[in-house]
Amino acid sequence: MNGPFSIFLSEAEIMSKMVVTQPRPFITTSIYNDWTSGICECFQDLPQCCLAFWCLPCFNCKTAHEAGECVCLPLLDVFGCIPPIATALRVSVRQRYGIEGTVCNDCVYACCCGPCSWCQIAREIKTRKNAII
């Protein structure tokens, strides 16, 4: 199209310039396919281990904040047999960092090994944030 109206785009040109994907809420990575530490390796980070031992609710709130969640969210776990927040946060961290696993395993760890599971989540967040990529 030539002439004074050549500044207008045709419908086909507009459609070809449209953005069709949305930005992701977090960066995913596939560097590791497993947790960087085991569920019972709490002593790898002694200060976090001590905080979890002496004041687990404070530690849980701190970890939730570091994961980008509401600080008070972990306090809701005390109202159920299955801790939904611990399970959901564990699943979220696994998905964010490309860690293999299942929701069933996350639920079992959150129910049976709650403090150790929170420590593992905190170590993972700390390790991944400090990683040089």
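Predicted model: local features only at pLDDT ≥ 70, side-chain atom pairs only at ≥ 80, totals over all residues.
Helix 5 itself spans residues 103-112, and its buried residues are Asp106, Cys107 and Ala110. These residues lie on the same side of helix 5 because they cover an arc of only 100° around the axis. Cys104 and Cys112 sit on the other side of helix 5, where they are exposed. An α-helix has 3.6 residues a turn, so residues three or four places apart point the same way.

Now step back to the whole chain. The protein chain has six helices and zero strands. Read from the N terminus, its elements run α-α-α-α-α-α. It has 133 residues, of which 32% count as buried. Take the contacts between residues at least 6 apart in sequence: 69% of them join residues at least 24 apart. The chain exposes about 9,000 Å², and carbon and sulfur atoms supply 67% of that area.

Asp106 is linked with Arg90 and Arg94 in a network of salt bridges. Arg90 lies in helix 4. Is Arg90 buried or exposed? Arg90 counts as buried, because its relative accessibility is 1% and the cut-off for buried is under 20%. The side chain of Arg90 also makes a polar contact of 2.8 Å with the side chain of Gln120. Beyond its neighbours within four places in sequence, Arg90 is in contact with Trp35, Ile39, Asp106, Tyr109, Ser117, Gln120 and Ile121.

With neighbours within four places in sequence left aside, the contacts of Glu124 are Asp34, Trp35, Thr36, Ser37, Val93, Tyr97 and Ile99.

Next, the other salt bridges. The structure holds five salt bridges. One of them joins the side chains of Asp45 and Lys126, at 2.9 Å from N to O. This pair links distant parts of the chain, 81 residues apart. Asp45 is in the loop between helix 1 (11-16) and helix 2 (46-54), while Lys126 is in helix 6. Asp45 counts as buried because its relative accessibility is 10%. Lys126, at 40% relative accessibility, counts as partly exposed.

The Lys62 and Glu66 side chains also form a salt bridge, at 3.0 Å from N to O. Lys62 and Glu66 are four residues apart in helix 3, so they are separated by about one helical turn. Lys62 is partly exposed, with a relative accessible area of 29%. Glu66 counts as partly exposed too, at 27% relative accessibility.

Finally, look at the surface. Leu76, Val78 and Phe79 form a nonpolar patch there, with about 380 Å² of accessible area together. Phe79 is in the loop between helix 3 (56-66) and helix 4. Phe79 counts as exposed because its relative accessibility is 71% and the cut-off for exposed is over 50%.

Notes:
Residues numbered from 1 in each chain as written. Heavy atoms only, no water. Buried < 20%, exposed > 50% of the residue type's maximum accessible area, 1.4 Å probe, protein only. Helix = DSSP H or I, 4+ residues; strand = E, 2+ residues; numbered from the N terminus. Arc of directions from axis to C-beta. Patch = residues over 30% accessible without salt bridge, like charges linked within 9 Å, V, L, I, M, F, W, Y side chains within 5 Å. Areas by Shrake-Rupley, 256 points an atom, 1.4 Å probe, with all protein chains shown as cover. Salt bridge = Lys/Arg side-chain N within 4 Å of Asp/Glu carboxyl O. Polar contact = N/O pair within 3.5 Å; in protein donor to acceptor, adjacent residues only side chain to side chain. Contact = heavy atoms within 4.5 Å.
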